[in-house]
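Trainee: I would like to know what the labels on a structure rest on. Can we take them one by one?

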Amino acid sequence: MDRIRIIGGTRLEGTIPISGAKNAALPLMIASLLTSETLTLENVPQLADVVQLGRILGNHGVDLAIAGKRPGQAVNSGQTFRLTAAEIVDTVAPYEMVSRMRASFWVLGPLVARMGEAKVSLPGGCAIGTRPVDLHLEALRCLGAEIDLEGGYVLAKAPGGLTGGRIDFPKVSVGATHNALMAAALARGESVIGNAAREPEIGDVAECLVKMGAKIEGIGTSTLLIQGAGELKGAVHAVLPDRIETGTYAMAVAATGGDVLLDNARADLLESVLDVLRTAGVEITITNHGIRVARNGAGLNPVSVETQPFPGFPTDMQAQLMALMSLADGTSDIRETIFENRFMHVQELARLGAEIDLDGDLARVSGVKGLHGAQVMATDLRASVSLVIAGLAAEGETIINRVYHLDRGFERIEEKLSRCGAQIERLSA
Ligand code: EPZ
């Protein structure tokens, strides 16, 4: 199994290109199930999760062609995918596939909307909490599907197609909103999704569905009004920049006291994260090309942060902030309100010298003068990258085991960081 070796203590300086967002690319790829025409996606990041989803969609009959670079395209622009589901050959998403990636559960809504039936295994994904799917199932029931559970599978049926309907989510869920939105776009009637997640990736998918022929009002708000199209067509859509990758590199720059331009980053996608960084004393400048992050010699102020659905501080940035606050001049309170088990990085950060006390959903981080290198274990995607941040700031050598988690969500991370001066390399097993 690959490992990552970091010799910490070097300032990051230069430019880091920001890739297309994983959490938009995945549902956008799934949206290809909604039409027999070709959906072209640009700026798709090269990630293990994207490859895995390509395989899963292939099982359902989606033909995926990956186009080469066009003249004039930037060196760092992402891949172009042409996805064509001319015919759906299988409406079953088996356990072996769905258990490896939670987002693949989101094929449920599109499949039942297009084919009138679907059988999808209950999901897996990062072990960050119990992660039920009740909201997905209830939403599809509201749109006219009959749902049963059998042998670890969800069976969804709508023989005459989905009718559309009113969904009022009791809790904000990104995945359930994606599932419901995609299904509603192809349903025959009108749908309203109340208390919808407002994450920018939902807006990106909604914009793509509009290009495919759906009528959607309220994009970017918590109430989505969808006039189902009955049939959708092909479209061309570029995946929006990854706000979590952006925030992660911003924290890495802050932790090492560097000066980096995050090229192609969009500040409007991560205001809450930039606000926290400013409070911590990090210099943030919005430029025409992206976001410049700098910390030149100044100390880091502690912060108090609670994770919240968008536009609040994202749970996907909690681990990275904890690594950064380990170096602050004082004590930070970080409360995780979205996933009850998303603190697995705490004991690994402690190996590097971080001082963190856990009390239920609250982590109290007492800043230390410096971290020191150690052997650590990556436990989930964002936890892994928090160890990279800590390792970059630590004195000496850090070895991160189980880095396959990182490859699920960070494109060419060693290359992007080493170009900015980091001493980081992959040790292949
Ligand atoms: C998405 O997961 C993201 N995944 C996660 O990113 C992210 O952490 C999460 O949203 C929150 O922002 C992708 O976009 C692929 P949720 P999702 O449904 O959709 C509860 C990463 O690192 N819930 O918004 O699975 C759930 O347990 C990943 O890139 C129910 O109770 O998250 C949680 O407490 C990890 N019932 C809360 O809602 C349900 O039916 C929010 O989860 C569904 C969810």
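The talk below sets computed values against their definitions.

Mentor: First, the ground rules. This is a predicted model, where local features need pLDDT of at least 70, side-chain atom pairs count only at pLDDT 80 or more, and totals for chains, interfaces and linings use all residues. Residues are numbered from 1 along each chain as its sequence is written, and side-chain values use heavy atoms, with hydrogens and water left out.

Trainee: Why are α1 and α2 called roughly parallel?

Mentor: Start with the names. Helices (H or I, at least four residues) and strands (E, at least two) are DSSP runs, numbered from the N terminus. Helix α1 covers residues 22-31 and helix α2 covers residues 48-60. Their axes come within 10 Å and cross at roughly 10°. An axis is a line fitted to C-alpha atoms, for helices over the stretch in contact, and angles run from 0 to 180 degrees between N-to-C directions. Under 35 degrees counts as roughly parallel, over 145 as roughly antiparallel, 65 to 115 as roughly perpendicular, and the rest as oblique. Therefore α1 and α2 are roughly parallel to each other.

Trainee: Which residues make the contact between α1 and α2?

Mentor: Contact means heavy atoms within 4.5 Å. From α1 come Lys22, Leu26, Met29 and Ile30. From α2 come Asp49, Val50, Leu53, Gly54 and Leu57. They divide into 6 nonpolar, 1 polar and 2 charged. Here Ala, Val, Leu, Ile, Met, Phe, Trp, Tyr, Cys and Pro count as nonpolar, Asp, Glu, Lys and Arg as charged, and the others, Gly among them, as polar.

Trainee: What makes Glu138 and Arg141 a salt bridge?

Mentor: The rule asks for a side-chain nitrogen of Lys or Arg within 4 Å of a carboxyl oxygen of Asp or Glu. For Glu138 and Arg141 the closest N and O atoms are 3.1 Å apart. That is within the limit, so the pair qualifies. The two sit 3 residues apart in helix α5 (residues 134-142), which separates them by about one helical turn. Side chains of opposite charge can pair when their charged atoms come close.

Trainee: How many salt bridges does this rule give?

Mentor: The count comes to 21. Arg166 with Asp168 has its closest N and O atoms 3.0 Å apart. Asp2, Asp407, Glu414 and Arg426 are linked in a network of salt bridges. Asp316 also forms a salt bridge with Arg342, at 2.8 Å between the closest N and O atoms. That pair links distant parts of the chain, 26 residues apart. Asp316 is in the loop between β18 (304-306) and α10 (318-325), and Arg342 is in the loop between β19 (331-335) and α11 (345-351).

Trainee: Why does Asp316 count as buried?

Mentor: Buried means under 20% relative accessible area, exposed over 50%, and partly exposed in between (1.4 Å probe, protein chains only). Asp316 has 16%, so it counts as buried. Arg342 is buried too, with 6%. Glu138, at 42%, is partly exposed. Arg141, at 38%, is partly exposed as well.

Trainee: How do you know that Thr246 is buried?

Mentor: Its relative accessible area is 2%. Thr246 lies in helix α8 (residues 243-256). Leaving aside neighbours within four places in sequence, Thr246 is in contact with Ile18, Leu262, Ala265, Leu270 and Ile291.

Trainee: What makes a set of residues a nonpolar core?

Mentor: The set holds buried Ala, Val, Leu, Ile, Met, Phe, Trp, Tyr and Cys residues, joined through side-chain atoms within 4.5 Å. The largest one here has 77 residues. Leu57, Leu181 and Ile193 are among those with the most contacts inside it. Helix α6 (residues 174-186) gives the largest share of this core, 8 residues. Apart from it lies another core, of 71 residues, among them Val365 and Phe410. In soluble globular proteins, nonpolar side chains tend to be buried together.

Trainee: What stands out about the phi of Asn195?

Mentor: Phi of Asn195 is near 55°, a positive value in a residue other than glycine. Asn195 lies in the loop between β11 (190-194) and α7 (200-211). At 32%, Asn195 is partly exposed.

Trainee: Which kind of peptide bond joins Phe310 and Pro311?

Mentor: A cis peptide bond, with omega about 10°. Pro311 is in the loop between β18 and α10.
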